[in-house]
Amino acid sequence: MKFAFFPGCVSRGACPELYTSTIKISEILGIELDEKALESASCTGAGVLQEKNQLLGDTLNARNIALAEKQNLPILTICSTCQGVMSQAEYRLEDEEYRAQINETLAEEGLKYTGKTPTRHILWIIVEEIGEKKFKALVKRQLEGLRLAPFYGCYLVRPSKALKFYEKTERETCLEDLTEWVGATVVDFPGKTACCGFPIVTINEKASLKMVGNHTSTAKDLGAAAMVTPCPLCHLNLDQYQDRAAWMMKREIDLPIIHVPQLVGLALGLDPEELKINKHVISTKKLLSEISLQP
Amino acid sequence: MYEHDILIVGAGLAGLRAALESIEAGKNTAILSKVHPVRSHSCAAQGGINAALTDRGDDWEDHALSTIKGSDYLADQEAVEIMCREAGENLIELEHMGVIFSRDEEGRLGTRRFGGQTVARTFFVGAITGSAMLHVLYEQTVKQNAQVYEEWFVTKLIIEDGECRGVIAMDIHSGKLEIIKAKSVILATGGAGRIFEPSTNALICTGDGLALAYNAGASLMDMEMIQYHPTGLAGNGILLSEGARGEGAYLLNSNGERFMEDYAPEYLELASRDVVSRAEQIEINEGRGIDGCVLLDCRHLGKAKIEERLGYLQEVATEFRGIDLAEQPIPVKPTMHYIMGGIKTDFMGKTDVPGLFAAGECANVSVHGGNRLGANSLLDTIVFGRRSARAAIEHSSQVNSISKNIDELNNETKRIQNIINRSNGERSATLRNEMGEAMTSGIGVFRDTRSIELAKQKVLSLIDRYENTSIDNKGKIFNTDLIFNLELKYMLDVALTMCVGAENRKESRGAHYRTDITERDDKNWLKHTHVVKIDGEVQFYTSDVNITKWAPEIRKY
Amino acid sequence: MVQTAKKTIQIEIKRQDPEINNGESYNQVYYVGVEDWFTVLDALIKIREEIDGTLSLRCACRASICGSCAMRVNGQAKLVCKTKLSVVEKNNKVLIEPVGNMPVISDLASDFKPFWDKFNAVDPYIKPEGEVPDGEYLAPNDDMVHLVGVMNCIMCGACVSDCTVLEVKDNFLGPAALAKSYRFIADPRDGSQFERLQDLEKDGGIWDCTRCMQCIEVCPKGVNPMERIMSIRSKSMENKIDNNYGARHAKSFTDLIKSNGIVNEVLLLLKTKGLFNIIELIKILPIAIGAQLAGKRPPFFSHSSKNKDEIKKIFKKLEDKE
């Protein structure tokens, strides 16, 4: 399985541990990542650029995908937001007229978007391509006793039509399935597909913090030892702003947030340090000792 | 508090239009509705609103003639003239209020063809015209800060010295009954589709205003004229708009034939609804149906047109039947849809009871006579909603308000409490289901002396059994169990008048088609039927039809 | 009509009666015989008519046009008259609750007053300008057809029920009211576009939306409220009503992609808040320090796309287009 790697902006900025852990687990999982194929790619716009100019956003995303198509490679993402924005662009580009209009612009760079291979998040690739049997065979360390709350990130679950949930029904529960495959226990809680508040953290911090506080504290109260998320933007908000959210709620939360590749890495037998799991604001020390892993 | 110049019961198109008129005239106005105004059944009207715009060369008299012919000559011609002449002005007013009517290439109001019309004069908003109009009228009442008794239910009209002086109504949220005094009361409560099963109508269409007026001594006119819409979805009866046929859809039998060629060679699928429904029923009865239905075929219209102009139909077809109208025809059958009959009013919306007015489906002016043309109902609501308000305003300036009658309120409270207190009785739904089945088979697309008699006997026995129904909910707050029981009584009263009208009209005309008396009898029956309650006795009489310039002719499509 | 039921479903309903136990909510389970084609509403009506008449709920048209019957089914807002039971039941069980973000009057009938108050707050009626023509206002059909999409809104409240911002900020106007605003902003006959946009910039307006797409997901009529909010944001910025963090954020984001291809979080933050906005920057400082200590502070001079020129070209071509 070879993919054009689209790391997104944040995994090269505020969440470098995500980039590192992705590379590490891909080797073991047999996922070949071409890191050069998308060197000329741009940010997906994250829905923010699209607010200002939808056509511009779709064109940039079509360009990213066309760059990968030129190399005959499908794109692999590691961020719910990147994935969601690209899936939405692919959905809109199913319209022939719109596609032709955008291809006119791309032609100026010698590129063409066909949409022949849809972009996928590494979480989906694990669940859909690798599958339960093959994955479990690679697991070296069962994470028994780990009580994990899933937090998908809006862009990986909505709109379900653009994300092809009706066809790929596994996507609806992929994070919970993965949790079980690594031997951990899923802590179900009502906010697992809700919003982390990241999009409004610079605009309306109070509301954003309430979201962080609500979801992390609910999961904690239901017994979660950690929360796992496929989105570094969610990670940013849930991890870096958790203390502030806790202070606002006048309670302790202290729920470590880990990335999907870090969870997979632990299960595949990698060292926590390799996965840079110590590089979080909310400490993972206690978590690791609970599952008998030295930090 | 609880005292107004004008009280309007019912917040559908007719009610809201009347309210706007009254508010703009500076009158102390209130609207009362058992549901939030935008939930009123006007929202379900799909196809469009008719109007002859004379500045484009259309002829309102042609519209009037089509309407009168459509009514099988039972409509009062002066009323029809008024409606068709005022249509254009009313339509433009609606557009000025913001309705997003469809446009032609020049940006002017666009049209589609509709049943029984010689030219395209139906103005529309996709397939959601009723909803679009209702929401706009509601927005205008918001703009005017209109007072709304939202989720209140009228249990009785207050009649003093033979005049209507207000209502007794229950606040559904608290269960408390209040007297609401008004110098004029306008009933705009819509139809009574739940008397039948199936029906295209909402669960709230229970003939409340009809029963209230009837029990207050007003006459109900032409109650046997019940419209069966040709294209109701089999099973739950949800409406598929005539707009589909207006855009060119076909009706096919099991042989794939456009059978309307045999019944209406000129108008085909766009003949008047009673003609089409009967045609469908004959095809079904003679073995050319499919599971009791015929097929509505929109495939040749193409996906783009369906999406732009029939979007809501596509939604209904895919969501409720899993059918894509661009790929497959959809089974439909004649389904009870509208009552041409109603509270008798004059051309200004006045009923037999002074101080009591009526407009919209619950009223019978009569503009629809024996059969209503599609897209004329939306017009009717707007034109006569406005006119009834004007009449109500005039009346209100001539009378004083009444003093509060506590006794009447106490009696009514006791009566309601007695219903709540009953136990171990039959469930309301049992009676309603029996009524629905009996009325549909007794007073259906085709009827005869025997079927009408069976229906009537059933209704009479249900009226008896009603006295021993009981409800589960003994509480006060949001007691829909109680509301449903009160609605049942209204429905039974109205159903009886339908049976009485049907048994007495000894001819076939419009929607009232008797297989034992198949001919139209202008000599004896160019008349309106009336059912009225005098001293508790049900009485029947007739009155002449108003003819101005169009002599009755044989109706051919 | 007596129908022989095909199977039995367990329907659990969250109930509440103000006259019992001070309105404390409780769950009640009903076992209902249903047919294959039953919608959730069919089952609820059956409960009401045959089993328990005390169940309060609102329903009218049964045809997804009146908007009365929005409820939460298995935690998600739906119009129950068009929700097939077979699609939502899991192991023959369904959970039904009243819509979220609104107080409850009784059982499944919620108090829509907050909903209607917000609707009223956006001046939801057309405000034409200038002389009133004798005939109709002229308007292109494309504009009217575009508005049908948003006019399809039946005010059912599903979007408001599941809005994640309304859960934490109750003065947010919400998706329904904002979509309704859009309907007037996009109507060529309305003359008050600028005033409406100015109004919507205020607290509780368009910039509170967190783009979680819940409203798009649950809307039973394809109104796409979030996209309408985005369109209003777009129009606001076009009209230079952009002196707020939301617009600055959007502009900064766009500028960073234009100049660098990739977004640098530090620069984004500084540009959004403003380099000289000392108070705001001081507030962020603890977060920045925390990030620094964890080794997560993004570099000031970050990665950029390899082929920035091509990206700039696209921006130049499309930036002022829409």
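Two residues count as in contact if their C-beta atoms, placed from the backbone, lie within 7 Å. With that in hand, here are the views.

**View 1. How the chains of this predicted model meet.** Chain A and chain B do not touch, and their nearest C-alpha atoms are 13 Å apart. Of the 2 pairs of chains that touch, chains A and C have the most contacts. The model scores ipTM 0.93 and pTM 0.94. For chain C, the average pLDDT (the predictor's confidence in each residue, from 0 to 100) is 91, and 97% of the residues score at least 70. As this is a predicted model, local features need pLDDT of at least 70 and side-chain atom pairs count only at pLDDT 80 or more, while totals for chains, interfaces and linings use all residues. To find your way around, note that residues are numbered from 1 along each chain as its sequence is written, and that chains are lettered from A and ligands numbered from 1 in the order in which they are written.

**View 2. Where chain C meets chain B.** This contact takes 54 residues from chain B and 44 residues from chain C. On the chain C side, helix H1 (40-51), strand E6 (104-106) and helix H4 (141-151) each supply at least two residues. Helices (H or I, at least four residues) and strands (E, at least two) are DSSP runs, numbered from the N terminus. H4(C) gives the most to the side of chain C that touches chain B, with 6 residues. Sorted by class, that side of chain C has 25 nonpolar, 11 polar and 8 charged residues. Here Ala, Val, Leu, Ile, Met, Phe, Trp, Tyr, Cys and Pro count as nonpolar, Asp, Glu, Lys and Arg as charged, and the others, Gly among them, as polar.

**View 3. Two domains of chain A, side by side.** Chain A is divided into domain 1 (2-120) and domain 2 (131-290), with bounds that come from an automatic or database domain assignment. Taken over C-alpha atoms, the centres of these two domains of chain A are separated by 23 Å. Domain 1 of chain A brings 23 residues to the contact and domain 2 of chain A brings 25 residues. On the domain 1 side, helix H1 (16-29) and helix H4 (80-92) of chain A are the elements that give two or more residues. H1(A) provides the largest share of that side, 9 residues. By class, the side of domain 1 that touches domain 2 has 11 nonpolar, 10 polar and 2 charged residues.

**View 4. Cis peptide bonds in chain B.** Pro198(B) is found in the loop between strand E9 (177-187) and helix H5 (208-215) of chain B. Now turn to the bond from Val365(B) to Ser366(B), which is also cis, with omega near 15°. Ser366(B) has its place in the loop between strand E17 (363-364) and helix H11 (376-396) of chain B.

**View 5. Asparagines with positive phi.** Asn424(B) is not a glycine, yet its phi is positive, at about 55°. Asn424(B) lies in the loop between helix H12 (406-421) and helix H13 (428-442) of chain B. With 6 C-beta neighbours inside 10 Å, Asn424(B) counts as exposed; the label applies if 12 or fewer other C-beta atoms, placed from the backbone, lie within 10 Å of a residue's own. Asn21(C), not a glycine either, has a positive phi of about 55°. Asn21(C) sits in the loop between strand E1 (7-15) and strand E2 (26-34) of chain C. Asn21(C) is exposed, with 10 other C-beta atoms within 10 Å.

How values were computed
A residue is buried if 20 or more other C-beta atoms lie within 10 Å of its own, exposed if 12 or fewer, and partly exposed in between; C-beta atoms are placed from the backbone.
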